[in-house]
Every structure is written in C-alpha cells, then in structure tokens.
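Here is a friendly walk through one protein chain, written to be read alongside the sequence and the 3D view. Keep both open as you go.

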Amino acid sequence: PWPSRCCDRPAMKHALVIGASRGIGLELVRQYRAEGTAVTATARDDAGLARLADLGAKALRLDVATAAGCSGLAWQIDGEAFDAVWLVAGVYGPRSTGLQPPTDDEFDAVMHTNVLAAMRLLPQVAEALAPGARLAVLSSLMGSIGLRSASSGWLYRASKAALNSVLKDASLALAGRATCIAVHPGWVQTDMGGAAAPLTVPRSAADLRATLARLTPADNGGFFNHDGQPLAW
C-alpha cells in the first residue's frame, strides 16, 4: 500500500491529526494506525468521525473555522503527550486566475480556516507535546513567494504565505520543545487537487510521515517539500 522505505524509522507513540475527515488527513491516520501508533484525530461532522473511529483513532469533533470549535480542543487533549502533530485542515476558496477581488465572505472563510485556526490551535497543542515532538502544518508551494511564477488562486496563496509566517513564529516559541515545520504535500489526487494530480494520497501521506520522522532540531522553522527537500519561503 505504501513503500516500506517510508516507515524505516522509529514508530511514533501518539499522533494528533487535525483535519482528518478525508484526503491526506484521513490517510495519515490510516497509515499511523497500520503501524500501531495511537492516533487522536479531528473531524467536523458525524461521517468524518465515524471514518476515524473505524480506523481505531480517538475521534474528536472540531470545526476549525469557528472560535467556539477551536476553543473546545484544549480540554479534549488535556493530559496527552503527542510525538507527532499535523495541522491539515484547509480550504482553497475561489478559483481565481487573475486579480479578481475576493468577496468579504470568501476572504473570511479562507483566512479563518487556513490562518486564524492555526493561531488559535497551536497554543493549545503546545501544552500537549511530548519531549522532542515534531509538528507540521500543511502549507503549499503556492504559498512560497520566492518560488512563485503564477498568480492563480491568489487568496489561497496569501493564506498559505500567512500560515508559513505563523509556523515560523511557533517554531521560535517552541524551540527546544518541538521541531516545527511547514510542508508542501505535493500536487495530490484529493478533492482540492483533482484527478489529474500526479501524486496519490497514500504516496503523499507516506512521504510526509517519513519527512516528519527524519527531522532534527536543526530543521526547526523550515519549509519542506513532501519528500523532504527544503523549499524557499
């Protein structure tokens, strides 16, 4: 199902996956559970919670787009010690091809989900990290300013650039406690990526897990491709 080389490292004891109802988040849960790692994972609806429970994960209800939803995470993970943390939840927003201004509602939906949620959740997660934990936010190559060569989806690009900034600040605040990175999952065959994408969901998830597992404290605050190659901010 995924290449064995991706699992050639010490197994994590407990992983937290935020935004795991489908796609990459759900596949991360599936792969961690297959290797025997305990997993706590979040979804915002009953169907997503059922899929997580079927995989043997501890399923928590969480809507990252709301203040009330985010504030409810802390008590649900109180006392936990996560070795691996993934913040996966995100939305694309309007499929713009040029400089079409987003509406207020579009801007709020994308920025609340992709940026504000991280700023609300990371402080809570920080209190539930095992010593030497690794934490990753699912960013995008589209959020890179240095590598940018197109302007399509500029609201999504802006949100991921902002998420990268949030991650960098978190890495400074948590230095010595956790290794924190932003990571590009690749162009993946998800609902967002579409069927024409070159990477399957299992391949991307396996690469992401392997990249997180190989991290050292020197990687703290970095931006990486799914296969572990450093990316320009």
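## Helix 1 and its surroundings

The buried residues of helix 1 pack against strand 1 (14-18), strand 2 (38-43), helix 2, strand 4 (82-87), strand 5 and helix 7. Those buried residues are Ile24, Gly25, Leu26, Glu27, Leu28, Val29, Gln31 and Tyr32. Here, buried means under 20% relative accessible area, exposed means over 50%, and partly exposed is in between (1.4 Å probe, protein chains only). Contact means heavy atoms within 4.5 Å. Helices (H or I, at least four residues) and strands (E, at least two) are DSSP runs, numbered from the N terminus.

A word on the model before going further: it is predicted, with local features needing pLDDT of at least 70 and side-chain atom pairs counting only at pLDDT 80 or more, while totals for chains, interfaces and linings use all residues. Residues are numbered from 1 along each chain as its sequence is written, and side-chain values use heavy atoms, with hydrogens and water left out.

After helix 1 comes glycine 36, with a positive phi near 95°.

## Where helix 1 meets helix 7

Two packed helices are described by the angle between their axes and the distance between the axes. For helix 1 (residues 23-34) and helix 7 (residues 201-214), the axes come within 9 Å and cross at roughly 65°. The axes are lines fitted to C-alpha atoms, for helices over the stretch in contact, and angles run from 0 to 180 degrees between N-to-C directions. Helix 1 and helix 7 are therefore roughly perpendicular to each other. On this scale, angles under 35 degrees count as roughly parallel, over 145 as roughly antiparallel, 65 to 115 as roughly perpendicular and the rest as oblique.

On the helix 1 side, the contact is made by Gly23, Ile24, Glu27, Leu28, Gln31 and Tyr32. Helix 7 brings Val201, Pro202, Ser204, Ala205, Ala206, Leu208, Arg209 and Leu212. By class, the residues of this contact of helix 1 with helix 7 divide into nine nonpolar, three polar and two charged. Ala, Val, Leu, Ile, Met, Phe, Trp, Tyr, Cys and Pro count as nonpolar, Asp, Glu, Lys and Arg as charged, and the others, Gly among them, as polar.

## Tryptophan 86 in strand 4

Is tryptophan 86 buried or exposed? With a relative accessible area of 1%, tryptophan 86 is buried; its place is in strand 4. Leaving aside neighbours within four places in sequence, tryptophan 86 is in contact with residues including Leu28 and Tyr32, as well as Leu208, Arg209 and Leu212. Tryptophan 86 and aspartate 105 are 19 residues apart in sequence and 27 Å apart in space, C-alpha to C-alpha.

## Helix 5 beside helix 6

The axes of helix 5 and helix 6 come within 10 Å and cross at roughly 10°, and the two helices are therefore roughly parallel to each other. From helix 5, the residues that meet helix 6 include Phe107, Val110, Met111 and Leu122. Their partners in helix 6 include Leu155, Tyr156, Leu163 and Val166. The contact of helix 5 with helix 6 has 14 nonpolar, two polar and two charged residues.

The 20 residues of helix 6 (residues 154-173) should span 28 Å at 1.5 Å a residue, and the end C-alpha atoms are 29 Å apart, which agrees. Among the buried residues of helix 6 are Arg157, Lys160, Asn164 and Leu167. What covers the buried residues of helix 6 includes helix 5 (104-126), strand 5 (129-138), strand 6 (178-184) and strand 7 (223-225).

Tryptophan 154 has its place in helix 6 and is partly exposed, with a relative accessible area of 35%. Not counting residues up to four places away in sequence, tryptophan 154 touches Ser96, Gly98, Leu99, Gln100, Pro101 and Pro102.

Histidine 226 is found in the segment after strand 7. At 11% relative accessible area, histidine 226 is buried. Leaving aside neighbours within four places in sequence, histidine 226 is in contact with residues including Val183, His184, Asp207 and Leu208.

Key: Expected span 1.5 Å × (residues − 1).
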